[in-house]
Structures are given as C-alpha cells and as structure tokens.
2 protein chains.
Amino acid sequence: MKKEIFINRAGREIPTYIEGYGDVKGYEGPFAVEPTGEKYAPQKSGSKPGLKKVLSNLKEAIQNSGLKDGMTVSFHHHLRNGDYVLNMVMDEIANMGIKDITICASSLTKAHEPLVEHIKNGVVTGLETSGLRGNIAKEIAKNNILGKPVIFRSHGGRARAIEAGDVKIDVAFIAAPTCDTMGNMNGKDGKSAFGVMGYPMVDAKYAAKVIAITDNLVAFPLVDVSISMSDVDYVVVVDSIGDPEKIATGATRVTKNPTDLLIAEEAAKVLVASGLVKDGFAFQAGSGGASLAVCKFLREYMESNQIKGSFAAGGITAYLVELLEAGLFNALLDVQTFDGAAASSVDRNRNHVEMSASTYANPHNKGCSAHQLDMMILSATEIDTDFNINSITGSTGIIMGALGGAPDTAAGANLTVVVAPTMRKRIPIILDKVTNVATPGETIDVLVTERGICINPRRTDLIEKMELAGIELKTIEHLKNEVEILTGKPERVSYEDTIVGIIEYRDGTVLDVIRQVKA
Amino acid sequence: MKKEIFINRAGREIPTYIEGYGDVKGYEGPFAVEPTGEKYAPQKSGSKPGLKKVLSNLKEAIQNSGLKDGMTVSFHHHLRNGDYVLNMVMDEIANMGIKDITICASSLTKAHEPLVEHIKNGVVTGLETSGLRGNIAKEIAKNNILGKPVIFRSHGGRARAIEAGDVKIDVAFIAAPTCDTMGNMNGKDGKSAFGVMGYPMVDAKYAAKVIAITDNLVAFPLVDVSISMSDVDYVVVVDSIGDPEKIATGATRVTKNPTDLLIAEEAAKVLVASGLVKDGFAFQAGSGGASLAVCKFLREYMESNQIKGSFAAGGITAYLVELLEAGLFNALLDVQTFDGAAASSVDRNRNHVEMSASTYANPHNKGCSAHQLDMMILSATEIDTDFNINSITGSTGIIMGALGGAPDTAAGANLTVVVAPTMRKRIPIILDKVTNVATPGETIDVLVTERGICINPRRTDLIEKMELAGIELKTIEHLKNEVEILTGKPERVSYEDTIVGIIEYRDGTVLDVIRQVKA
C-alpha cells in the first residue's frame, strides 16, 4: 500500500493510511463532520426471574462474559491514581491465558504501570485512552512496545466513538463504589466513593457485556442509581476497588505558585473585559496550573458585582462546590469528581448534577453541555503561533499528558482562554509549531501568560473589547520572540518514521500523529 | 395470500398472516422468545454552540421534525384523563394536512375521544397502545373505523418493541410539566406535575426526533432531570399540557365496596400462607377493584409481625407512599404516578425511585424489575378455567380496557394472584374461555373471589401450602359451575371475520386477536 502524506487543516503532516488504524480522515475544522447514519446498535439481552448476577469471583465473570482473544475491554478512571480495578482485571485476563486485548479506557494513570508487562507479553495489543503518563508512555513513545499506535480521544470524542461504533466494547469493567445485587450502582456511597460516574455511563449503554466490580455490595434496590441494572450483566465483589485518597493527587491541585496566581488574575481580567461575566453565564476551568486559580479571582468579581452564574461544569473540585454553596452558580454539571469534598457534595446537593461523558462533551449529542459554555479556561504544555495547543507530549516528544475535555470545551465555549507561563525550567512554551496538536488553534481565543496577553487574530471582536478595557495586548509572535531571547530557540526532537500515537479530534478525524522518538 | 389458522399455546385461533400487521408468530410460552440480534439503532444527531431548541409554536416544531404522511408519532399517558397534549398535537397535524399517521401511545384514555374524527378523516391510520376505552374503542370494535387492527402491547412489551425496532418512532411528543431551554425535563415540578416519566423515557432514547411540550419552561440547567437534553430536539411552550386533577380518576381508586374488601382480605391470607411475606419481599398490586385494597390487609400483617419489605412497584398511589413512609418498604419503584400525593413523594423522597418502562417490565432488559417481584395482585374482567385473564374486552366483545403491566408482572412474579368478584351485574366472571386473552393462564397462580379461592393446578407447591394453612380451596371448574347456577350460562358474542385488534404478548408474539363485533 502506498503511504501518502497530506497536510490537514491544523497544518500537520498525516499519512492517508496508518498501519494498525486504517484509512485516515484528516481534521477539517471544529464542526466540519456532520453526524450521519445510525448509532451503534448493541446486542439485545434480557433477564429471567430468579437470575443471579452476583458471581463468586472475577474469573467467573470474565468466563461468563465470553471474553476471547482479540476482543476489546473498557475501563474508567474516576479513581485516577487510586484505581485498583484495571490492574486486577488485566492480571486475571493474563492468568486466564487470554491475549490480543484492546483496552479502551477513559484515561490511564500512573497506577496502571503494570500494563507495561501485559503489553510486552502480548496480553494487551491495543490502547485507546484520553491520556498516558509515566513508564507506559515512555515505553510506547521511545520503544514502541505496543507495535501499533495508541488512539488518543478527548472525553467527548470517546463518547462519540462508542456511540458511533468506531470502537465496539465487548466487555466493560466498571469500578462501582456501591452496587446492589442486580447491578444498580453509584459512585457516591461506600468506602471507595469517588463521586459521579460520567465516563462508564456511556460504556454501560453500548458494551455487549457489563461487569460491575464493587467493594460495597448492598441489597436490591439501590435507590440512588447512576448506572442502572438494565445495563449490567454481572456483579463481582472484591476487597477494595481502589484508594480514594489518591484521587485528588495529580492534576487537580489549586496552585500557590505566584506566577500562576498572577496569570490567573490577568485571565480573570480578560474574562471580565469580554463582557461575558454576567448573570446566567456558564463557566469551566480545566484542572492543573493556573487554571483553577482563575475561579478565585472570578469569585471576587462576581461577589462585588452581585453576579450569579448559570452553571460551572467539568471535573468538579472542592473550590467549585464552595462557589455553588455560596450561591454564585445555580448548578454544577459534573462528569468527574476530583476530590472528597466534591464527592460529598454530589451525594447531598441536588444542584450538583451528575452527567455522562456524552452529555458533557460529545459533539454528536443533542444536548452537549460543553456547547453551552460561555467561557473555558485551559492549561497547556505548549502553544504555537497559530494558537494550537499541546497537552499530550512534552518538548522531548515523549507522551506525558492527556486530551481530557480540552478539545471539546474549546470548540464549545464562546471564549476559550489558555493560561500558561511563558517558560518551564527555561524551556519556552510558545513555539512556531507545537510538538503535537491536541486542541486546534482555531478553537482557542486568548493566551494569558505572566509576560503578556495574546489574542487570536481571528477574534477581532475580542481585541476591540480588550483595548476598550485598557488591557494591553501583544501579538503571539512578539511574545514568542521576547521569551526566546531569554531561553534560546528550543531544540527540535528527532523522530523515527513509526507512528506510536494518533490524536483523534472529537469528531473522529485525525488531528495529529505522534511518532516514535529517536533513541 | 392464503390465510391459514393455527392454535397458539394460549389455545386461541390465530391467522398466520394478518392484513395491516403481517406474518404472525404465535405465543409459545412466557419465556419462549430469547432476545437475539441487535437493538434498534436510532439516527445520529448533534448540537452546535448557539443552538436554540425553543421554537415559537407546535406547528414550527412539527415542521422542523420533518413529520410526513405515513410516519409514526408517539405519546405517553402520564396525564391520563387530564391529558391535553395528544389532542393538541393531532389537531395541529390534521391542520397541517398530514395524513396516514400511526400513533404509538403508552395508552389512550377517554380524554382522547377526538381521535375518532382524525381516524375517520384518514389523519390517523394506525394505533398501537396498551389500552382503549370509550367511543374510540366502540367505533373500532363495532365499525372498524381504523380499517386495520389496533396493536395492543403491555407496558413492558411496548418498551421491548421500541428497543427492538418493531415500532420505529419518527417523532415523539412528550408532555413535560417542567422543561428547560435545552430540553432537560421532569414530571415532578410545575403546575401540571404528574410524577415520574417512566413511559416516554423509552421513546426519547429511540425516536428520530423528540419534541418536548411544556407549560413550565425554566432556565438551563434544570437539575432534577428525568429525560435529558441529550435526547431532545425541540421545546414548545403551551398554556397548559393538561389537568393534573384528572390523573387520579379512573382506575386508581381504592375500593370501599364490601365484596372487594372481603376478597382483598382473603387474598392477603393467601399471600401470608404462601410464606413469601417475609423480610425483603417485593410486592406489586395493579390498579382498580380489590387489587389496591390488598395492601391494607398486608400492612396489618407486616406491622404486627414486624416485617419490612424490599420494594413495592408499579403505578404508585398515595397508599403505597404511606407504606414507604411507615417504613414497611425500603423503596418504591415507580413507572407511573397515580395521584398528587405520590407525585409529591417522588419529588422529595429519595427512596421513591423513578424507573423507565423498560426497566419496569421489558423482558429483554438486563434488569427487568417485574422479574424481581415476589408477589403480584391483578384485577380481571374475566378469567377462564385455564386461568387465562381478560382485561381488555368486555363480555360484549367490545374493547374497554388495557393490558397495562399485567402480562409483564404475572410472568415475572413468583406468585400472581387475581382478585375478582365472581359476577358483575349478574354476568359471571369465570368462563370456559375468556372473550380475549390478555395475560396467559400459565402465568397466573391463584384466583381469589368472594365465593372461594382457586389455585392453578400447575402450582402443586402452593396447593400444599394453602392446605397446611387451613385455607379452603375450590377447583376453578367447581367455582364456575357454582356461579353459573346463579347467573346462567353467558351468551356468546357473535363476530365478523375482520380482525380489529391484535394482542401481542410482551415478547412480540401474538397472544390473541380481537374480531369485529357483529352489529
């Protein structure tokens, strides 16, 4: 097969065909792909009187599910770094001698490093995820241990792919902090409570078989149900599904770094100057860095101007719960709960609402809430002069991040603001071309750094508003040059020809490819 | 085409092919049909930023939905005799000149009598429903105004048929007591609150287009969501969707009739003697007659023996709410709320749980709650010596009732008890053959009347238990003869050859046909 190369609308060189993936449809713009045809039709099933769903162990459940070589299993990452379930299941699958398994996970964390061995042993031969970090990521990016590309999808893109049948899940394994004997479950109660179950809600609807794994089996009927028994085949009880203490580690800390706080304060000024911070506005801030800190400054403005927002959305933290409880927002729309305080909130506060990943961010959903956002705050590891954002690879070319909901919310929000320092460890953040494009520049409106604010030239309306508000702007090229005087030009990474990762845009087109880093 | 006749397992004569319906698969037993193949795959859709779902009127919504001659629309009957929405929509469809429409309704009530004109005018040419009463029923049964058979389905059978694609809904019209601007809705709040939205939850998932009709539009996001914006295309605001005062009329009154109370008391004794009334048991009573009164006697036994049940299910009334609040059941599983007190309960009590018609009663659902029942109490207009039940036609052959959830719960429950007087207006209830079979006799265990108790000979275990408890039994043939001495043998109805109704069993097979009554 002749491998031709084309340049997609994000300016990236993409082959027309990729081994282990197939024919490529390149990215053509944030809303270029119209939904056509039918959704994926899952297998019919049923339940007779007297049916017992609770099985004696994981092995029995895997056997009953009919899992075989070559099939696809799915997992969710609500327990983040504290998740025990993925490793437990994959160890059992390996013990049972099943091979050639594709894992479709909502994301993978450092907790999942045992996967390296399962990949090397041929138990796992495909990975689809929002993010990848640590040793798995290094082994794939440097040594191509998987032998075919990892497919990276945003949270909305994953929901779309499952609903469209781009990925067909044979068995979904769902970590359930509370589950009844018929498979009704929620994530809010029990010793391993993590909050909402936004990601596996989609898997449960479309997987051929669904196995709930719980450390808190309760009598039927559980009354607070996030995933219904109508979607569950088997229930397995284990000692522990994870360590909820480890949920809040990683990407969810609010910064105390003075640079980040300065950036956040500037970003809040941009939001205000945009005129969008008014009664009934909708807001989301991504996790990490200065992103969450923007809420602090926004809050001050809302309080002194008596503004009440409509909703705040996304991954929900204790700080957003404070804003809800202070009456600054009517509701929180929660796809993933980031800490114990937020998990407790969703359990008791009717205005803290659970939503599925599809309702959150799927572009081919009639009610995508990301499309209701007035403003979105994002972090980035790199940004280029076309405002393309990288959040998935480092400047070394090694995979070390995630798409998350960034491509979804950036496309949906009226105003998308990237907050980032101009350099990290003397490595510049603003580049001519990002190492990889995770979120297309045409969906990014503003970059706020500690050395200045840049607006995407596409948004002449915003430039006008900032000037009216007396906010000083720089062109992104100017800011880039200013920083490079301090840092020097960054070295280019050298790559092999082999593709180790594919970054799908949320609509299923290919936004970029990640190539193997030269040793 | 040669029309052959065969006798199905319920002993009914059925043609192998029915004009306006197609090839017939006869009933072969309550769990004879295994679910195979895929569920119906609805059209993909999407939503872009800035989308406005609220349209200016019903006409605009119908136009935007693409509704055309020959298509199928759906409605729900949670507003029962107080529903304004079906007539409002059908009048608009008629005004727009659209014809040849099939209505797939969860049920039809006396409120829908204007349908007679729409049928006569060719606007409506197909009806699929759980029940039919009043003039529409008479005009169809006597004069065959529809020109092809009405398809009757139980609540679980309808959910199954929609999920399987046996019926493809082009546009679902959903009466929404509260709805936000993006289509999130619930039935619990607003001036026309009726409680849960169990039936249209299924329509919303599978219809190509979904139109919410509300008299209480609220700001996005509604936080207590029964049907998600993810399933809704358009929102229309009207003055009033119905009169909630008229919900409780009809089939839901608790009896004060002394015969019914006697029957209910005897039925409660049977339940107790069965040994099933113990901690954690699950219970449902159908609406009407002596059925609900059984709860009163059951309650007394539970209280004096300190028994706490697991759940009571089905259509929920104020009396079941009392039982929940008295701590006699852990939960109510509610597919349809029958009165204001119950609607208020589901709005405030976490243990009063909303469920979809599919989760309630669909045999091809992984978690059918009807299959979790220990005991079910049913009413009947007729029962025959094979224990077949008729709840859909009168002794005159005229359609005047509904299947409801009876076929579903009778198949699912461990113990199904029919409560009925032996005669009504000197017409005997027990017959050699019922006028029509609505629920097959092999799923019925006990008949309790004011003149004696009969047990299905199939249930030798139950006969033994009743005898041990000192409960006197009669054979159903004996009781029939005893009653006929008082009433005389009922006259047989004379029929034309034309089939005006098809009674589908919950699995989609044909249980019986209803023929046109001779003038």
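B:Lys188 and B:Asp224 are both buried, where buried means under 20% relative accessible area, exposed over 50%, and partly exposed in between (1.4 Å probe, protein chains only). These two residues form a salt bridge with their closest N and O atoms 3.4 Å apart; the term stands for a side-chain nitrogen of Lys or Arg within 4 Å of a carboxyl oxygen of Asp or Glu. B:Lys188 sits in the loop between strand S12 (185-186) and helix H6 (200-206) of chain B, and B:Asp224 in the loop between strand S14 (217-218) and strand S15 (234-237) of chain B, so the bridge ties together parts 36 residues apart in sequence. Helices (H or I, at least four residues) and strands (E, at least two) are DSSP runs, numbered from the N terminus.

The model is predicted: local features need pLDDT of at least 70, side-chain atom pairs count only at pLDDT 80 or more, and totals for chains, interfaces and linings use all residues. Residues are numbered from 1 along each chain as its sequence is written, chains are lettered from A and ligands numbered from 1 in the order in which they are written, and side-chain values use heavy atoms, with hydrogens and water left out.

**Salt bridges**

Over all chains, the whole structure holds 64 salt bridges.

| Pair | Closest N to O distance |
|---|---|
| B:Arg160 and B:Asp166 | 3.0 Å |
| B:Lys188 and B:Asp224 | 3.4 Å |

B:Lys120 is partly exposed, at a relative accessible area of 45%.

In the pair B:Arg160 and B:Asp166, the arginine B:Arg160 counts as buried because its relative accessibility is 5%. B:Asp166, at 47%, counts as partly exposed.

In chain A, a network of salt bridges links A:Glu128, A:Arg153, A:Arg160, A:Asp166 and A:Glu504.

A:Asp507 is placed in the loop between strand S29 (495-504) and strand S30 (510-517) of chain A. Its relative accessible area is 8%, so A:Asp507 is buried. Neighbours within four places in sequence aside, A:Asp507 is in contact (heavy atoms within 4.5 Å) with A:Gly29, A:Val33 and A:Arg160. A:Arg160 is also one of the members of the salt-bridge network in chain A. The side chain of A:Asp507 makes a polar contact of 2.6 Å with the side chain of A:Thr509. A polar contact is a pair of N or O atoms within 3.5 Å; within protein, one must be able to donate a hydrogen and the other to accept it, and residues adjacent in sequence count only if both atoms are side-chain atoms.

**Helix H1 of chain A**

Helix H1 (residues 58-65) of chain A has A:Leu58, A:Ala61, A:Ile62 and A:Ser65 as its buried residues. Seen down the axis of H1(A), these residues fall within an arc of 100°, so they line one face of the helix; the arc is that of the directions from the helix axis to the C-beta atoms. They pack against strand S5 (54-55), helix H2 (85-95), strand S10 (171-176), strand S13 (209-214) and S15 of chain A.

At the start of H1(A), a side-chain oxygen of A:Asn57 comes to within 3.2 Å of the backbone nitrogen of A:Lys59. A:Gly66 follows H1(A) and has a positive phi, near 80°.

**Backbone features in loops**

The peptide bond from A:Phe220 to A:Pro221 is cis, with omega near -5°, and A:Pro221 lies in the loop between strand S14 (217-218) and S15 of chain A. In chain B, the bond from B:Phe220 to B:Pro221 is cis, also with omega near -5°; B:Pro221 is in the loop between S14 and S15 of that chain.

A:Lys425 is not a glycine, yet has a positive phi of about 50°. The residue is in the loop between strand S24 (423-424) and strand S25 (427-428) of chain A, and A:Lys425 counts as exposed at 82% relative accessibility. B:Asn144, likewise other than glycine, has a positive phi near 50°. B:Asn144 lies in the loop between H4 and strand S9 (150-152) of chain B and counts as buried, at 19% relative accessibility.
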